Amino acid sequence: MAKAQVKMTVNGREVEALVEPRILLIHFLREQLNLTGTHIGCDTTHCGACTVDLDGKSVKSCTMFTVQAAAANITTIEGMANADGSLHALQEGFRMEHGLQCGFCTPGMIMRAHRLLQENPNPSEQEIRFGIAGNLCRCTGYQNIVKAIQYAAGKMSGAPRKEAAE
Ligand code: FES
Ligand code: FES
């Protein structure tokens, strides 16, 4: 199959590659760029484990072809830590509030929460739950996932920590 040249920015780094037009973005990220933090949970757009940030939107990377991401600016979980290597507030929140059990959904959850907090820096519990509705956690860890996002929202806004979800 004829390959296509693609160029994009991933975690602040310019990447250029030859890809088959059928290659999904998730496979390109994991197999060609070795960014295996983004997970594949279903391959059918249901679970959100493959969520990345693309040009200011949360995108399920199993749902688009790599060639459709040409010229895009993408952030994956590997690009979330602060420049000094310390954890992003969301990563810290998931750690502090026990927002994960097996951790399989966590990269997608964090990437989705990242965009949610960009759009709405002070979301209510309801808004958080609605905002992550496209991301499934099979360990049923939603209570603590909500708390983790509330933790990050508080830390990022410098506001006193909100009452945790119960
Ligand atoms: S792997 Fe993409 S939504 Fe499940
Ligand atoms: S922590 Fe296991 S799927 Fe969410």
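Predicted model: local features only at pLDDT ≥ 70, side-chain atom pairs only at ≥ 80, totals over all residues.
## Helices α2 and α5

Helix α2 spans residues 89-96 and helix α5 spans residues 142-157; their axes come within 8 Å and cross at roughly 135°. The two helices are therefore oblique to each other, since an angle counts as roughly antiparallel over 145 degrees. The crossing of α2 and α5 is right-handed.

On the side of α2, the contact is made by A89, L90, E92, G93, F94 and M96. On the side of α5, the residues in contact are I145, A148, I149, Y151, A152, K155 and M156. Sorted by class, the contact of α2 with α5 holds 10 nonpolar residues, one polar residue and two charged residues.

## Helices α2 and α3

Helix α3 covers residues 106-119 and packs against α2 at an angle of about 125°, the axes lying 10 Å apart. This angle makes α2 oblique to α3, because the roughly perpendicular range runs from 65 to 115 degrees and the roughly antiparallel class begins over 145. The crossing in which α2 passes α3 is right-handed.

From α2, the residues L90, Q91 and F94 take part in the contact, and from α3 the residues T106, M109, I110, A113, H114 and L117. The contact of α2 with α3 comprises six nonpolar and three polar residues, with no charged residues.

## Helices α3 and α5

The axes of α3 and α5 come within 11 Å, and the crossing angle is roughly 45°. That angle makes α3 oblique to α5, because only angles under 35 degrees count as roughly parallel and the roughly perpendicular range starts at 65. The passage of α3 across α5 is a right-handed crossing.

By class, the contact of α3 with α5 consists of nine nonpolar residues and one polar residue, and no charged residue is present.

## The largest pocket

The volume of the largest pocket is about 190 Å³. Its lining includes the cysteines C42, C47, C102, C105, C137 and C139.

In terms of class, the lining of the largest pocket divides into nine nonpolar residues, two polar residues and one charged residue.

Definitions and conventions
Residues numbered from 1 in each chain as written. Chains lettered and ligands numbered in written order. Heavy atoms only, no water. Axes fitted to C-alpha atoms, helices over the stretch in contact; angles between N-to-C directions. Helix = DSSP H or I, 4+ residues; strand = E, 2+ residues; numbered from the N terminus. Left-handed = near helix turned anticlockwise from the far one by under 90°. Contact = heavy atoms within 4.5 Å. Nonpolar A, V, L, I, M, F, W, Y, C, P; charged D, E, K, R; others polar. 1 Å grid on protein atoms, 1.4 Å probe; cavity = no way out; pocket = protein on both sides within 12 Å on 5 of 7 lines; lining within 4 Å. Points joined across faces, edges and corners; volume = space filled by probe spheres on them.
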